[in-house]
Amino acid sequence: MKNETSRDADTGDASASETFWRRLALNTQRTIKLYSSASRLALGQSRWIAASAVLGTLSLALVGTGVAALVSPYDGIATASLTADRAPRVVAWSTSAPAETKTASTDGLRQTTEEDAGPAFAAVMTAAEAATETPDATDQTHTASLADPGLFDPQTEESLKAEAAKLPAAPKEVATTVELASGETLMEVLEDAGVDRIDAYHAVAAMTSYYSPRKLRAGQEISLTFMEQPDALAEGESGTPAKYLTALSIEPDIERAVEVTRNEDGSFDSREVMHEFTEGFVRAAGTIDNSLFLDGERAGVPPQIIIEMIRMYSYSVDFQREIQPGDAFEVYFSRKFDEQNRPVKEGDVLFAALTVGGKQHKLWRFDPTGDGEWDYFDENGQSMKKFLMKTPIDGARLSSRFGLRKHPILGYSKMHAGVDFAAPRGTPVYAAGNGTVTRANRFGSFGNYVSIRHANGYETAYAHLNGFARGVRAGSRVRQGQVIAYVGTTGRSTGPHLHYEVHVNGKKMNPLALKVPTGRKLEGSELAAFKEMRSTMTTQMAEAPTTTKLAQASADTSDSAN
């Protein structure tokens, strides 16, 4: 009876179960049909597949949410074994302490952390307690690690340094200076120095606000500042530290600098920094034993000041014929000094004296009207400028005079209608006076040739030139002292020299013997102001340091060292 009853019950359960699953399948089919019909009606046949995909995605999301809800209570339980090798050492004690204290410490630590850390931490604490009961414990400090529950030696200074050495090196700032070579652009120089091409482009673009890179010349120095990461390698260059440009600086001239710096957002900004100089005055004097240029340098006079002196006296003194051993010079000029009181730039010649053949010629720099139109005047207020310069070239040697001579190439006597000044190829040639260029081209045996028409029927000519200065052509206006050409040996010539002629109303004259009109002469209030300026300058000159003494002291020091 019992067996039949049991069999009926099992049959009933099976029937009920089969009925349940049959109903579930039927309901599912109806639901799918319902969704399909609704999708066809709402979206149309073309969108039915998309709607079905959306419903399937929602179903999968619900399943994933359910699985996550079941698994989340156990999250983090078994992760200790995966991170044990990097786990920090969290327990430390001294083995010399009483066992009761150690047990209390571990028990307390177990109570506070066992709930959070779980069974893995409990295993660690059990091993640590077992270690404290070792009878041979010594008086040393040990630590227990989650990575290994055993006891370890403490960290030493050497081990700490070893671990620190494994860390990546911190970036360091590196400053360097590069030089622009002939034919190079600033972009090329920066890229050769290791600057990223994009950074180089933006840095150069930022610089143009104050200075055009096209004005840079060969030899220009560029200061660069990088942040370098020694452990990183530059892209495509094995073993080269990665560079990050942070600053760039150039000095177009001695009075200013253009600085380009990187901002925090990676962009570049530029600024112009004007150097602050103080002005001082220097006096020098000496005797001419060889030449004004050589003896002036020995006395401590800068070359540019000597050249200015030669120009000052070139209207009245022939430096090739009239200067003799025993003649003397004196000069008083301005000079600019930096913050360390070092001379950085020469200024203007304010006074000069040249003794030639026992006669002293003094000249002062003076601006009569205060409008910048200064000139050099002698002690009587007469301008040193004359209508034409005697020698329109610096540092040349008179190699042939005006008159009849045996021609060095033709071999017979021929009139030499000018004077020749031997000088190295490329030496500048100056316009002897203000005027208009009438010819600037090649002209027969004269080679490259320039002629200038001046006022009052005067004309000057310059031959055998190497080339012409920029802008010098027929019809152009030139001023006295302007560079018009350069010494060469073109045409019928035996070597580099300047052939110089002066024509007066079409007649060729001797340039060295020609008497030409002088410049302006100060009168009235202008002359009074000039005399007052001379008196003030005389007092200043007495107080100015003398470069002659400094040069002599330097020479004595050098001799004693040798």
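The following questions and answers concern a predicted model.

Visitor: On what basis are residues numbered and side-chain values computed?
Guide: Residues are numbered from 1 along each chain as its sequence is written, and side-chain values use heavy atoms, without hydrogens and water. Because the model is predicted, local features need pLDDT of at least 70 and side-chain atom pairs count only at pLDDT 80 or more, while totals for chains, interfaces and linings use all residues.

Visitor: Which strands do the buried residues of α11 pack against?
Guide: Helices (H or I, at least four residues) and strands (E, at least two) are DSSP runs, numbered from the N terminus. In α11, the residues L527, F530, M533, M537 and M541 are buried, buried meaning under 20% relative accessible area, exposed over 50% and partly exposed in between (1.4 Å probe, protein chains only). They cover an arc of only 115° around the axis (taken from the directions from the helix axis to the C-beta atoms), so they lie on the same side of α11. The strands against which they pack are β9, β10, β11, β12 and β13.

Visitor: Is H464 buried or exposed?
Guide: Most residues other than glycine have a negative phi. H464, although not a glycine, has a positive phi of about 65°, and this residue lies in strand β21 (residues 458-468). Its relative accessible area is 6%, so H464 is buried.

Visitor: Is N505 buried or exposed?
Guide: N505 is not a glycine either, yet has a positive phi of about 55°. Its place is in the loop between β24 (497-504) and β25 (507-509). With a relative accessible area of 64%, N505 is exposed.

Visitor: What is the bridge partner of R453 in β21?
Guide: Two strands pair if DSSP finds at least two bridges between them. Five bridges join β20 to β21, and the two run antiparallel. They form a hairpin with four residues between them, and N456 in the turn has a positive phi of about 60°. In β21, the partner of R453 is E459.

Key: Contact means heavy atoms within 4.5 Å.
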